[in-house]
Amino acid sequence: MLFVTTPYLITQFTGNVNNFNVIYLLSRGDPTQVGHTAGDTDLLVTWLYKLTIDRNLYNTGAVIGIFTFIVLAIVSLVTYRTSGSYKNEEGFM
């Protein structure tokens with residue numbers, strides 16, 4: 001069973017990092033405490049949006065976005081390479 005669902009789980013994990021619409025439309029990431037850039041309900045993606053659009057911190061947002069991509073890519077590749085889906089591709093048929 002895990003043979004078939006591992007690629008799907010990796011895709012869902014990556015997609016859950018990008019739940020921008022749910023958080024931003026319901027709470028906009030607020031409440032934000034004084035002196036902080038991220039709110040109590042912010043996700044990484046909504047925080048990046050606030051950094052770039054509201055505060056014009058494009059450099060910081062770009063660096064965080066690149067690091068997010070690198071971490072997600074490494075986690076996804078390592079998980080897929082150690083799963084049975086990768087080791088036994090021909091076994092599915």
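Q: Where does Asn56 lie?
A: Asn56 sits in the loop between H3 and H4. Helices here are DSSP runs of H or I with at least four residues, strands are runs of E with at least two, and both are numbered from the N terminus. The model is a predicted one, in which local features need pLDDT of at least 70 and side-chain atom pairs count only at pLDDT 80 or more, while totals for chains, interfaces and linings use all residues. Residues are numbered from 1 along each chain as its sequence is written, and side-chain values use heavy atoms, without hydrogens and water.

Q: Why is Asn56 called partly exposed?
A: The term covers values between buried (under 20% relative accessible area) and exposed (over 50%), with a 1.4 Å probe and protein chains only. Asn56 has 47% relative accessibility, so it counts as partly exposed.

Q: What is the phi of Asn56?
A: Phi of Asn56 is near 55°, a positive value in a residue other than glycine.

Q: What makes Leu57 a partly exposed residue?
A: Leu57 has a relative accessible area of 35%, and therefore is partly exposed. Leu57 also belongs to the loop between helix H3 (44-54) and H4.

Q: Which residues is Leu57 in contact with, leaving aside its neighbours within four places in sequence?
A: They are Leu51 and Thr52. Contact means heavy atoms within 4.5 Å.

Q: Why is Val78 called partly exposed?
A: Its relative accessible area is 48%, so Val78 is partly exposed. Val78 lies in helix H4 (residues 58-82).

Q: Which residues form a nonpolar patch on the surface with Val78?
A: Val63, Ile66, Phe67, Phe69, Ile70 and Ile74 form the patch with Val78, and together the residues have about 690 Å² of accessible area. Patch residues have over 30% relative accessible area and no salt bridge; nonpolar side chains (Val, Leu, Ile, Met, Phe, Trp, Tyr) are joined within 5 Å, like charges within 9 Å. A salt bridge is a side-chain nitrogen of Lys or Arg within 4 Å of a carboxyl oxygen of Asp or Glu. Areas come from the Shrake-Rupley method with a 1.4 Å probe, and for residues only the protein chains shown count as cover.

Q: How many helices and strands does the chain have?
A: The chain has 5 helices and 0 strands.
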